[in-house]
Amino acid sequence: METPEQGLHVYRRVRADSEWLCAPLAIEDYVIQTTPEASPAKWHLAHVSWFFETFILRPYLPGYREFHADFGYLFNSYYEQIGRFHLRAERGFLSRPTVAEVMRYRTHVDQHMQELLEHMDAVLWPLVKARLALGIHHEQQHQELLLTDIKRNLAANPLYPAYRDDLPAPLPQQAPALAWVEFGGGLVEIGHAGNDFAFDNESPRHPVYLAPYRLATRLVSNAEYQAFIADAGYVRPELWLADGWTQMRSAGWDGPLYWLHTIGEWRHYTLSGLQPLDPEAPVCHVSYYEAAAYAAWAGKRLPSEAEWEHAAAGLAVSGNLRDSGWLCPLAAAAGDGLLQMYGDVWEPTASAYLPYPGFRAPSGALGEYNGKFMCNQIVLRGGSCVTPDDHIRPSYRNFFYPGERWQFQGIRLAEDL
């Protein structure tokens, strides 16, 4: 994306992807919000447009006029320096603006982004380029959230409707036996390197000391997690962190989110509707607390984010990501070394989401993008089956609160040597 023309091409492609992801929805599906964390599809489509409008069009396109004066209040997510915003938990209260009006809003923003980029001033281009790249990757983050939230919202329906009924059915496949890859440790460097795009929380690159460790070759499977459940994993307090035990007991968890035990078998809700549970596929939709409890039960631990990134260095960034078309985790295929490091499920680490040494949040409202969330959250690595293929990299740091389960996240084990 070195030129405005290239930037416009990537912008158009990513914007079209968002609308393509929403194409299977009925008009009623765009509006519902069944839990505070799962925003309506309509809100996602409008919010990403607000981002381009607020951070690119308003400051850089002379004479730009907002589509609607009140959309800043409705579709600002959390930028306090921009102004007041509608409560996240009440986004599903908004039947208006309609889906049609939100789509007109997207068209309005797209037309003016085209105008800006086709007549881009060479002096302004470096500034606009940086914000354009951020906006494009921001929209890709929301594409992943779109699928995650669509699944969460549709799963609340007792009819268990499918988001798409044309998704390919995974072929039965036996996962290879779990093995281990050893790493000698020592002084290593982590963090983003190079000139390609990365979020601010991936920098600066810095040295970290690692003790020797081993990493599991593949993700924990559904069958392995069923053994944890069968061994009273959800009723043994010695396996759980205190906060995790409290949340699990309060919420009544007895298995991963979307698992249902009916007629003597486990089934689970997927983007294809209610399906039999594949015992060989990676366990999915477990919280950090559940991952940590499973690791304790197995006599292992979760990797640190530095261990994960060090292990991933040099591996091809490929796997069961969104463009594979499955939109669900798949059993690991036979292979040597580390498997499933990218795609399938996000991998919770044992690392708190904190700033790297020397990190400084950018000035202004964009400094709120990542920096202010560096407290009380856990880092996840590797992407999932709904992560865009060109959005993930070894240094990518995702982050969620330890009790959240609606994201596509699973478990990889580690241990000390």
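Helix 2 and helix 5 are roughly antiparallel to each other, because their axes cross at roughly 175° and angles over 145 degrees count as roughly antiparallel. The axes of the two helices come within 9 Å; axes are lines fitted to C-alpha atoms, for helices over the stretch in contact, and angles run from 0 to 180 degrees between N-to-C directions. By class, 16 nonpolar, five polar and three charged residues make up this contact.

This is a predicted model, in which local features need pLDDT of at least 70 and side-chain atom pairs count only at pLDDT 80 or more, while totals for chains, interfaces and linings use all residues. Residues are numbered from 1 along each chain as its sequence is written, and side-chain values use heavy atoms, with hydrogens and water left out.

Helices (H or I, at least four residues) and strands (E, at least two) are DSSP runs, numbered from the N terminus.

| Element | Residues |
|---|---|
| Helix 2 | 41-60 |
| Helix 5 | 125-155 |
| Helix 1 | 4-22 |
| Helix 6 | 222-230 |

An open sheet has three strands in the order 5-6-7, with antiparallel pairing; two strands pair if DSSP finds at least two bridges between them. Strand 5 and strand 7 stand at the edges with a single partner strand each, so one side of each lacks a neighbour in the sheet. Four bridges join strand 6 to strand 7, and Thr270 stands opposite Gly273 in strand 7.

Key. Parallel < 35°, antiparallel > 145°, perpendicular 65-115°, else oblique. Nonpolar A, V, L, I, M, F, W, Y, C, P; charged D, E, K, R; others polar. Contact = heavy atoms within 4.5 Å. Expected span 1.5 Å × (residues − 1).
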